[in-house]
Amino acid sequence: MALVSFHDVEKAFGTVKAVDGVSFVIADGEFVCLLGPSGCGKTTTLRLIAGLEKPTAGSIRIGEREVTQLAAKDRDVGMVFQDYALYPHMSIGENIGYPLKVRKVAPNERDRRVAEVSEHLQIGDLLARRPGQISGGQQQRTSVARAVVHKPQVFLFDEPLSNLDAKLRLEARSFLKHLQRELGVTAVYVTHDQAEAMAIADRIAVMHEGKIVQIGPPLEVYRHPATTFVANFLGNPPMNMLRFQVHSGQRPSLASDAAQLPLRAETAAWLVADVGEGGELIVGVRPEHLRLEARATPGTLSGEPYAVETLGPESLVTLRFDGTLVTVRLFSDEPPDVDSVVHLGLDEAKMHFFRTGGERIERA
Ligand SMILES: Nc1ncnc2c1ncn2[C@@H]1O[C@H](COP(=O)(O)OP(=O)(O)OP(=O)(O)O)[C@@H](O)[C@H]1O
Ligand SMILES: [Mg+2]
């Protein structure tokens, strides 16, 4: 069936390695999001799957077939491009029906399938118009209709929702997920919106500078980020990152000029085994895992308030601590009472530990 796999795939444009030694296996029927900042190689990865680019090294399989050198038209994929890439001189109906025409499907069957899919996407009354005569959101749905009309084995989506307003975006997101489930196809979906990836994906592949730095189910990646880059990229506001030195011995602790946090001896031991006695490390804590405390105690962080934002169901309190900003998320619709000094409580179990180079320190 239609699994998609990359084996050590590389794509260089001159000296730029847009994709740099990427391997993965996407299961049949799975929905995978490629997530990463601009320029990290997401579109290039999709174009390699579609056959619009040929790799400079490595191999690609779709289903049972090795497709590395196969032309785009001979691969059974449907793609929604970042800019939709609709044919301006064709009507909406002709745009949607184009993949069927290329595949020599008879005209009445073609009309039937175009009508069915456009009805589904609520653009059935626009079929006679040209792309220039419909809205951005309608163009986007036309592009989706064209990608799915021939029921490909693999859907490829390149930031398909980026031009939609927030409300339409949420609707379209649920719709795409529903459609993919209903048709049981494999989907690879590119986005740089972490919330969208969390919401829609079976697995998220986080990309950075042409490489996949972590791949896994959304909550696993969120709860167990492999690097500070991944930790920062997933979650809004992002994970707080604080520098400390770790000490074991009589008083195991995390120490900095601004605070001294007691640690369990066992935790200090495996951290010291990694970074050395007194070694520097980065402690990551998500905003939702901090809490406001009434007073300073051993183990709290204290700082002056920087901003208080009430967002409706929750509030964000940001304070200055040790030269960095630290944000706390409070799940309350009551604006928090913030004094001139704010104390934060945090639990060791909720801390993430990273080397100063960014890699997660695993519990020994
Ligand atoms: N045809 C090309 N020729 C030369 N360089 C290219 C080409 N296509 C992509 N690149 C380069 O490869 C890198 C990855 O580009 P790609 O378009 O895959 O990024 P992306 O993750 O999709 O970014 P965005 O989020 O901005 O769409 C970038 O440095 C880009 O400039
Ligand atoms: Mg792109």
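**View 1. Packing around helix α2.** The buried residues of α2 pack against β6 (77-80), α3 (107-120) and α4 (136-148); helices (H or I, at least four residues) and strands (E, at least two) are DSSP runs numbered from the N terminus. Contact means that two C-beta atoms, placed from the backbone, lie within 7 Å. Helix α2 covers residues 92-102, and its buried residues are Ile-92, Gly-93, Asn-95, Ile-96, Gly-97, Pro-99 and Leu-100. A residue is buried if 20 or more other C-beta atoms lie within 10 Å of its own, exposed if 12 or fewer, and partly exposed in between. Just after α2, Lys-104 has a positive phi of about 60°.

The model is predicted: local features need pLDDT of at least 70 and side-chain atom pairs count only at pLDDT 80 or more, while totals for chains, interfaces and linings use all residues. Residues are numbered from 1 along each chain as its sequence is written, and chains are lettered from A and ligands numbered from 1 in the order in which they are written.

**View 2. The shell around ligand 1.** Phe-13, Val-16, Ala-18, Gly-36, Ser-38, Gly-39, Cys-40, Gly-41, Lys-42, Thr-43, Thr-44 and His-192 surround the ligand, each with its C-beta atom within 6 Å of it. The largest share, three residues, comes from α1. By type, the shell holds four nonpolar, seven polar and one charged residue; Ala, Val, Leu, Ile, Met, Phe, Trp, Tyr, Cys and Pro count as nonpolar, Asp, Glu, Lys and Arg as charged, and the others, Gly among them, as polar.

View 3. The open sheet has the order β2-β1-β4-β5, with antiparallel pairing; strands pair if DSSP finds at least two bridges between them. Strands β2 and β5 (65-66) are at the edges with a single partner strand each, so one side of each has no neighbour in the sheet. Between β1 (residues 4-13) and β4 (residues 57-62) there are five bridges, and Val-4 stands opposite Ile-62 in β4. Helix α1 lies across β1, β2 and β4, at about 60° to β2. Angles run from 0 to 180 degrees between N-to-C directions of axes, which are lines fitted to C-alpha atoms, for helices over the stretch in contact.

View 4. Strand β14 (residues 280-285) pairs with β20 over three bridges; Val-283 has Phe-353 in β20 as its bridge partner.
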